[in-house]
Amino acid sequence: MPEQQIPEQQMPERDGGKPEQPTSVSDRDEDAQPSPESSRAESSAEAGEEVAQARIAELEDGWQRVAAELDNFRKRCARDLARARQQERARTAAGWLPVVDNLERALEHALSDPGQIIEGVRAVHQQALSVLAGLGFPKREDIGRPFDPALHEAIGTTADEKLTPGTVARVVRPGYGPDEEILRPAAVVVATRTD
């Protein structure tokens, strides 16, 4: 509300002093006692502010709790992942222990009966293939299959009229794993056309 001025005029002097200065309506309001309505409005505003401050404190506490829970969840997931990796590594290593044991036995008996060493090595080889298959990576049988660069690594070609061009003629190093999850591609020689 704009301040209202009393028209300028000289006020009579009091007690022989200087003339009184004109006063505005707002100056007079300051000297007046507050009305009951304004007291209620101020106390209501203070109560509203206290409620707002309490709500802010409650919300801050809530998001801090959620942030702490999220951090604990992240740490728990990291521990669980590390534990799962360790268990999988231990399971894989345990699968290879019988292969190592059989190789040690074959070496112990190598001097006493050299003819049986070949049979022992074949048995250990089959056992190793079984371990790989048990882990989900069986040996691939690629001879005669069409050459696929995702599954095979071509290291040479051969011209043979008995073979279909573009197929695997010979496997130099076997591949392991199913088509959708190759552990290692096979190194192969690919059949070509004869001229």
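Let's start with Glu49, which sits in helix H2 (residues 36-109). Helices here are DSSP runs of H or I with at least four residues, strands are runs of E with at least two, and both are numbered from the N terminus. Glu49 counts as exposed because its relative accessibility is 52%. The scale works like this: buried means under 20% relative accessible area, exposed means over 50%, and partly exposed is in between, using a 1.4 Å probe and protein chains only.

Before going on, a word on what you're looking at: this is a predicted model, where local features need pLDDT of at least 70, side-chain atom pairs count only at pLDDT 80 or more, and totals for chains, interfaces and linings use all residues. Residues are numbered from 1 along each chain as its sequence is written, and side-chain values use heavy atoms, with hydrogens and water left out.

**The whole chain**

The protein chain has 3 helices and 3 strands, and from the N terminus they run α-α-α-β-β-β. Of its 195 residues, 13% are buried. Take the contacts (heavy atoms within 4.5 Å) between residues at least 6 apart in sequence: 55% of them join residues at least 24 apart.

The whole structure holds 12 salt bridges, each one a side-chain nitrogen of Lys or Arg within 4 Å of a carboxyl oxygen of Asp or Glu.

| Salt bridge | N to O distance |
|---|---|
| Arg74 and Asp71 | 2.7 Å |
| Asp71 and Lys75 | 3.2 Å |
| Arg145 and Asp142 | 3.4 Å |

How far apart along helix H2 are Arg74 and Asp71? They are separated by about one helical turn, because they are 3 residues apart in that helix. Asp71 and Lys75 are also about one helical turn apart, being 4 residues from each other in helix H2. Asp71 is partly exposed at 28% relative accessibility, and Lys75 is partly exposed at 39%.

**Around the strands**

Ala191 belongs to strand E3 (residues 186-192) and is buried, with a relative accessibility of 2%. What does Ala191 touch, leaving aside its neighbours within four places in sequence? The contacts are Thr158, Leu163, Thr164, Pro165, Gly166, Thr167 and Ala169.

Glu161 lies in the loop between strand E1 (152-159) and strand E2 (168-173). Glu161 is exposed, with a relative accessible area of 70%. Its C-alpha is 7.1 Å from that of Arg193, a residue 32 places away in sequence.
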